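Me: Can you take me through some local features of this one? I'll ask as I go.

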Amino acid sequence: MSDIVEKTLTALPGLFLQHQAAGGSGVPRVSVSSRLGSLIRSITALTSKHEEEKLIQQELASLKATVAAPNTTLRLMKECMVRLIYCEMLGYESSFGYIHAIKLAQQGNLLEKRVGYLAVSLFLHENHELLLLLVNTVVKDLQSTNLVEVCMALTIVSQIFPREMIPAVLPLIEDKLQHSKEIIRRKAVQALYKFHLIAPNQVQHIHVKFRKALCDRDVGVMAASLHIYLRMIKENPSAYKDLTGSFVTILKQVVGGKLPVDFNYHSVPAPWLQIQLLRILGLLGKDDPRTSELTYDVLDESLRRAELSHNITYAILFECVHTIYTIYPKPELLEKAARCIGKFVLSPKINLKYLGLKALTYVIQQDPNLALQHQMTIIECLDHPDPIIKRETLELLYRITNAQNVSVIVQKMLEYLQQSKEEYIIISLVGKIAELAEKYAPGNEWFIQTMNAVFSVGGDVMHPDIPNNFLRLLAEGFDDENEDKQLRLYAVQSYLSLLEIENALYPQRFLQVMSWVLGEYSYLLDKGTPEIIITKLYRLLINKSTTSETKAWIMAAVTKLTSQTHSSKTVEKLIQEFSVSLDTCMRQHAFELKHLQENVELMKSLLPVDKSCEDLVVDASLSFLDGFVAEGLDQGAAPYKPHHQRQEEKLSQGKVLNFEPYGLSFSSTMSSSGCTGRQSPAGISLSSDVSGNSAETGQKETNSLKLEGVKKLWGKEGYLPKKENKAGSSPELQPIAQDSTLVENVDQMIMKKDQSQALHHSEEEAEKQRLASTLFVGLGSESAVSLLGKTDTVSHKFRRKSKINDTKNREVTSTHNINCSSFSPLSNAPYEDNDHLNSFQDKEDIGLKKCSLGSEFLESGLKSESLTELHLVENFSACSLSPPSLFEDNSMEIFHPPHPTLSSFANEISLTSSLLEELNEHVHSDLVELCNNEMLKVSSCKIWKDDCLLLVWLIVNKSSLELKNMNLEITSTENFKILEHPGFCFPVIEAESTKSIQHHVQMEKLFTEEDLSGCVKYKVEEDPYIQLEFSITLSLLDFIRPMKICTEDFGKLWLSFANDVKQNIKISDSQANLPFALKTLQQKLRLHIVDIIGNEGILACHLLPSVPCLLHLRAHEGMAALWFRSSCSTLPDYLLYQCQKVMEES
Amino acid sequence: MIKFFLMVNKQGQTRLSRYYEHIEINKRTILEADVIKTCLSRSKEQCSFIEYKDFKLIYRQYAALFIVVGINETENEMAVYEFIHNFVEVLDMYFSRVSELDVSFSILCAYLHSTMQRVPVTKWAGKYYLSYPES
């Protein structure tokens, strides 16, 4: 480091001391006389938190007055900042001072500036709005001739800097990489590391310079660059394999003591640097024998050199071991590493033991024998007084669990859980136990008991997946029917005995699991039991500590059970009690139960036994209400209108007086039949707002979807009626005391192993040996496979059946059938239009060729909005009206590669086309000028690619000067997502040249039309930045693409979509024929015409990236009935709106 | 990565704090109180690394002063443990025999903030940098 800089820097703290010592007397080293000193002293003297708060509030008030006063000197301000920092450190916010900290950094002399920067870095966070005010100061200081100022600026940049302002300082910092002073180079690298952290793609272009930094002659600069490399290699190791040699050389030099002695820490050369390098080598060598080969030597040397017994060498050794086990293995090294781990594990020093266990945990999956070697130590660690060690040991055991030792390990984990109160530990351990139990459970009883323990301990903090998975496991069952029954029966029995215990409190989740299982599977018990179970559930229900969510679960269980009994007094009582409950949800359940009970047959078919896995078919479009709606319409009811349409009408009504007479009033039958509608599935009645079959009454038979094959079933707990109660065949009940089984299990295992154990150990020793043999059973080389079996599903005890897929398939076929039948009227319809279509198609092809040659067409042809696909129907329909006028039609839009002599845009266009070959392949809009001044022009063009919307920005430098630091930035909004980084920077744009930038835009939120805005900034020579703002309007249609599917697929999709919107709109006479209407839609909305049959047409499109929407259109007597369906709930509404607009316009 | 660096005394008074991830001020005080409570509950024979919520605490005690560093799982515990000691050695050299009061009374406590940059531990290749606090 340069002497001068070094001296300046070391002198700075001295300045502080002098400065304060000058203020008064006191202890020479410590500036007690300062205000800060007295503040600290008075705080230390206080006894209560309350007094401290009062004092600090006072202090803050006086500080607030001081910093706001206009005559406060910078020196005083600096002093105030220090006190503010202190107050913030104690936890009292002092946001009023933030702006003054920035000012101090801006205006102060060296020392004051330093404090200002420091305060800023402590007060503000990355996204703080005030941070923007700092940018100018930083830019100024970076350009300063005073090295200390440059240092400060670089330091603050590496600590905190607004991401969006990176382009403003990036070139300056890049320059600093070539600075003659090491400290500046090093800080510049650190600043770039910071940029890499917050905006990696902005520093991509300086990767070459990072390499230079890596080879810098100064160790500090090299060390700083390693941080960037570690990060980049972590993301993409393959790109940096060529650097392996360099890293190895550096590590060799470090290990060999070639660095200055200054870097030594307790005579170990640069230990943290070594650790960093070892990590990098590990990442590079992973799964790569060739790269690993290069590193073997240096790793060996590192191991050898780190013989010294000091903590820091252990840290290096640990990292070495980690690297050796990460890279492609080499037996000798592995052996040495294993010895090293052994040393750690056996060490009496507790921190080392911890490291050893951590290393073992990592290594164990590759080398299970190592666990066998250290099994006694592991056993000791299991009973270690320090819970942290225990915890780490359990982590290790978790990795070596297999079917043979699972019960012992799980028991150890449960023991630990019982002592632990820490929520995070409970959550993670409970998750692990549940996972192990599911994978390796040795038997039904054990599994249920373990899960009981999990639910009781994990309670309401555990991950909700655990109970869900457990229930699914029970419900879906395994391959063996008999086994399933046993498991379920055991679960029922164990829950019953748990509920038997007086005053036992169980977590809510556990109660929910119990009530579901009891409701579902208690039929497996002897006959006559429902009553007992209902009583038990009832007791839970009236318990005050039961939450309303759990009550709903219990109520569902009671409902299921009621269907299995004839009459139950408890149920009667329950209904009576809850019919007047204040909880509306419970009241509803009670009423439902009451009504169901009155109709036993219905109830039995609604709640069949053991059908929880059957899939339900829900008719979300509520087509069964079609008749009802049609009836209503017949009676003169108004067709349903979607929300936005109603609003629009309301608005237009506000402007104009309505001279039309009011329509017929609702007939009285409407309201009475409303009740019958209420009987339909309560769970899905919410979708009724999208139903409403409009005025299709007459044609109902021909075009509405009939779902007769589909059973209408009830919400969540509805079932297909099929099987009868099987309770009679269930095996005998064996009451088993809970908890005891688990212990017994373990004991048995221990006993078994015990017999083979040697006898000459002491009693305690023998105990440990026994435990060890149970723990490490199945480990060793011959069973290595099962160890790695965390991923292998074969060892799964409870393997789920692929039932779901089966049912899915069945469902698909059935829907397909329905689809066929529902569309059959269409396919029978006369198909006369087809011939027309074909003949016109031929003509049209010729026409197209002509028009691409015809020069007069070119002038109107650049109009945009055309998709090649459009021409077909467009011409087809146009022909049917007036074929000769086809080419005069201005709306006939065809893209053609732009002609260079065309217009004023000629220059750009030719550039565009040369820049972007894809422009020729895709449909695009013409170039729109967005903003303009005497220097520069920005224009843009939309390219409607099949898979995305591409925006191309052209920036034209019209002047004869160079534009520097050109930035283009798009303002991000919630509506759009720009796939690339929204900013772009050109260091230089030469005179009279053009640059182009592309952005892929995606729609985030549905909208009709939204503006995308942004700005360009540039510099001319050394003048300040000039900024130009622009915006471009994007519409929904920019994101709509035709979806090319066949009629059959259309039918399938149609049935799978739940969201539909129907609307009748008036069409003018000119549109009366279907082809014309379809043409308009295809042309303007980019819908794909799937099929035309008679007076009906089906169309399909999708919203990018892939939200499909289907349209069924029927033209009839001046009306068009539009029917949209989509997987997205809002898209149909938006599209309908567009359709209406288009139809009205044409 | 280091998440925070704390110097807290046995009475629970914070002497120095530096957060490398933004945490709201009121949450900081709660965290600091909880962290020191956790550290105080441990005996000298116990491990200096604690699993705390979703990260780890590495602590070292010097007389009545605890230095606690919060790290995530990518960090090498022992390296951080030694880093703390390195830091204290530097303070000691700077103040020629450092005491808790040095840190709190002197404005330099604030100054020292700047020595701990956002760059993780391993940047401290040795005494070299720490003995020349950066500006």
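**Ring pairs, a glycine and chain B**

Reply: With a relative accessible area of 2%, A:Gly477 is buried (under 20% relative accessible area; exposed is over 50%, partly exposed in between; 1.4 Å probe, protein chains only). This is a predicted model, where local features need pLDDT of at least 70, side-chain atom pairs count only at pLDDT 80 or more, and totals for chains, interfaces and linings use all residues. Residues are numbered from 1 along each chain as its sequence is written, chains are lettered from A and ligands numbered from 1 in the order written, and side-chain values use heavy atoms, with hydrogens and water left out.

Me: Where is A:Gly477 found in chain A?

Reply: A:Gly477 is in the loop between helix H25 (465-476) and helix H26 (481-500). Helices (H or I, at least four residues) and strands (E, at least two) are DSSP runs, numbered from the N terminus. The C-alpha atoms of A:Gly477 and A:Arg488 are separated by 9.0 Å, with the two eleven residues apart along the chain.

Me: Switching to rings. How many aromatic pairs are there over all chains?

Reply: The structure holds 24. One of them joins A:Tyr229 and A:Phe247, edge-to-face, at 5.9 Å centre to centre and 75° between the planes. Rings of Phe, Tyr and Trp (its six-membered ring) pair if their centres lie within 6.5 Å; planes under 30 degrees apart count as stacked, over 60 as edge-to-face and the rest as tilted.

Me: Are A:Tyr229 and A:Phe247 buried or exposed?

Reply: Both A:Tyr229 and A:Phe247 are buried.

Me: Why is the pair of A:Trp1054 and A:Trp1123 edge-to-face?

Reply: Because the planes of A:Trp1054 and A:Trp1123 are at 80°, with the ring centres 5.2 Å apart. That pair links distant parts of the chain, 69 residues apart: A:Trp1054 is in helix H46 (residues 1047-1056) and A:Trp1123 in strand S18 (residues 1119-1126) of chain A. A:Trp1054 and A:Trp1123 are both buried.

Me: What lies over the face of A:Trp1123?

Reply: A:Lys1062, at 3.9 Å from the ring centre. A charge sits over a ring if NZ of Lys or CZ of Arg is within 6 Å of the ring centre and within 35 degrees of the ring normal. The charged end of A:Lys432 also sits over a ring, that of A:Tyr398, 5.2 Å from its centre.

Me: Now chain B. How many helices and strands?

Reply: Five helices and five strands, in the order β-β-α-β-β-β-α-α-α-α along the sequence. Chain B has 135 residues, of which 68% count as buried.
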